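Open the model in your viewer and keep the selection tool ready. We will go stop by stop.

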Amino acid sequence: MECKAVQEKLSLYLDGELSISDIKLIDEHTKMCTACREELSSLEETVNLVRSLEPVDVPPDLKDKIMERVKTVGDSNIAASRWQHAWNRWGRAFSSVAAILVAAVLIGKAVSGPGFGLKSQAPAADEALKYAGAKSADSAMPEEQYQAAPRLMQQPMSLNKAEAESGWDQRPTEADTRNLLMARKVIQTAHLTIQVEKIDIAADQLQQLVKEYHGFIQNSNMLRQEIGRGAHFALRVPSPNFDEVLIQLEKLGDVQEKGTTGQDITEEYVDVDARCRNLSRQEERLLTILSQASTVEDILKVEEQLERVRGEIETLTGRLRYLDNQVELATINVELRERPHSVTALQFPNSKDLGARLTQALTSSINLLFSLASNAVVWIVTALPFLAVVGIIAAVAGWLWRHFIRR
Amino acid sequence: MVTDEALVQQCRNGNKEAFAILVERYQDKIYNLTYRLVSNREDAADLTQEVFYRALLKLSSFRGEASFATWLYRIATNVCYDQIRGQKNRHLVSLNSAWPDELSPELPDQGAGPAEVCLKRVVFQRLQEAIAALPLEQRTVIVLREIQGLSYEEIAQVLQCSLGTVKSRLSRARQALRDKLMSERELFFAENVYNG
């Protein structure tokens, strides 16, 4: 046996931890080998020396100190052992399942529950959508209004139609219809500003359109501006075609401005009509008187009156005809603008403008920062209950780990 | 005599007196173990308190796989390891530790003359210093084996390592300690010193 192998076993030899055959081998070797014999004796002396160390005396108050220290340990900590076995078998699996369930429920709650955590942003998103919707509705609003207004004004016309088709549920009598018609004399006017690519083409199309709908151009003028050419048309179209013409006109280009007005002149019309009829009756009476007149003086006086009445009748009839014309033919003012040509010259931003823009940019980014910060605070506060729950779970899990798993 | 395990059961049922008996039985061994590991009486006292405190805390997890003594030793070595590893970073020195414990006049040996007593104290002090100079793992096996008198199996249970590890570690520890002592051969290996 090599000396090294022997020396490695000397420690075990001293403790009697070797097999009988090993003990024999070492006994034989140490008889022969001085180095190993010295090694053995020095080790033995060392061991004996250490074993001779006397035990140190325990401080007399140590037990009291220990019991004092131990006082703080609650009975629940010690008594937990009764459930230890059951816990070891089922508790860990159960607790992990429970923890997962709790976490799942919380997450589910957070995702689907109203006004909680993550989801709290969803209503905001909804609102944003609504807002966007409102915005688009807003932008759509004028158009709707324009659409609605002509529709209202169209009522006499649709009544007209109803009269023709006589397909109404209530089947109003002809007189009723006429009364209604009489009751509504509306002058429809509209104005449109349309941006077009080429003003010539647009003007041609416009004329075509007016002809198609049996209207006419009351007046037109074209002008050349710095940014491009423009044209103005005053169109007259039969009232029943008013809506349709407007729709067609809008197709000429980008509608930039649109407005319609309906002026109800029923009162004036009725008034003028009544006066006219009165005057007609007066005229008839004057004619009767005239036929009965015998003296030239009388005849001349009656003629004078007759002339005045007829003049008035003519004025009123003219007025009526004008009103009728206005009602029958709607007026549309169309302004065509050519799209401004792209500016080719170099343009330096106005320094004042630049400063303002810089200020605005800075302000808006600071505002954004503030809003982000406030959102973050709100988010954290919102998340607090969840953090608390997670913290409790973590604490419980840690406690379980320390006390039952790691030992 | 009531077994340790029966006392442990009594403790679990809420009987603190039972624990007091366990403390009575083991405080000497634990105190000596901690003292040999940390070489400081004050620290040893504190550590002994800590050991029993932890033992009571963990009493519910004592399953009787090893004996109560072994289980308590395991806690004690862990507590000491925590303390020693923490100290490495702190470099705290007790005022008392400047005065070698073995030289402190607490232990007058009634049977020996003054010169002998003095020599013995010096030897034990140096021996303790040599043990303290060993690496922590070697120091632990030396203390558990030579001073506490544990068997190889018990040491393996305390340190939670294999029997082979205990054997080789103890062998290396003894050799290392022997090498340290050989440098003061005259002091340690003169006749009659360790026999006294």
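Select A:E8, A:S11 and A:L12 in helix 1 of chain A; they meet B:K167, B:L170, B:S171 and B:R174 in helix 8 of chain B. Residues are in contact here if their C-beta atoms, placed from the backbone, lie within 7 Å. Helices (H or I, at least four residues) and strands (E, at least two) are DSSP runs, numbered from the N terminus. This is a predicted model: local features need pLDDT of at least 70, side-chain atom pairs count only at pLDDT 80 or more, and totals for chains, interfaces and linings use all residues. Residues are numbered from 1 along each chain as its sequence is written, with chains lettered from A and ligands numbered from 1 in the order in which they are written.

Now show the two helices whole. The axes of helix 1 (residues 3-15) of chain A and helix 8 of chain B come within 9 Å and cross at roughly 100°. That makes helix 1 of chain A roughly perpendicular to helix 8 of chain B (65 to 115 degrees counts as roughly perpendicular). Their contact divides into two nonpolar, two polar and three charged residues. Ala, Val, Leu, Ile, Met, Phe, Trp, Tyr, Cys and Pro count as nonpolar, Asp, Glu, Lys and Arg as charged, and the others, Gly among them, as polar.

Chain B gives 39 residues and chain A gives 37 residues. On the side of chain B that touches chain A, helix 2 of chain B supplies the largest share, nine residues. That side of chain B divides into 24 nonpolar, eight polar and seven charged residues.

What does its secondary structure come to? Nine helices and zero strands. Buried residues make up 39% of its 196 residues (buried: 20 or more other C-beta atoms within 10 Å of the residue's own, C-beta atoms being placed from the backbone).

Select B:V51, B:L72 and B:A76. They touch the most other members of the largest nonpolar core, which has 59 residues. A nonpolar core is a set of buried Ala, Val, Leu, Ile, Met, Phe, Trp, Tyr and Cys residues joined through C-beta atoms within 7 Å. Helix 2 of chain B gives the largest share of this core, 10 residues. Apart from it lies another core, of 23 residues, among them A:I194, A:V196, A:L329 and A:L336.

Last stop: chain A. Count 14 helices and five strands. Buried residues make up 15% of the 407 residues in chain A.

Methods:
Two residues are in contact if their C-beta atoms, placed from the backbone, lie within 7 Å. Axes are lines fitted to C-alpha atoms, for helices over the stretch in contact, and angles run from 0 to 180 degrees between N-to-C directions. Angles under 35 degrees count as roughly parallel, over 145 as roughly antiparallel, 65 to 115 as roughly perpendicular and the rest as oblique. A residue is buried if 20 or more other C-beta atoms lie within 10 Å of its own, exposed if 12 or fewer, and partly exposed in between; C-beta atoms are placed from the backbone.
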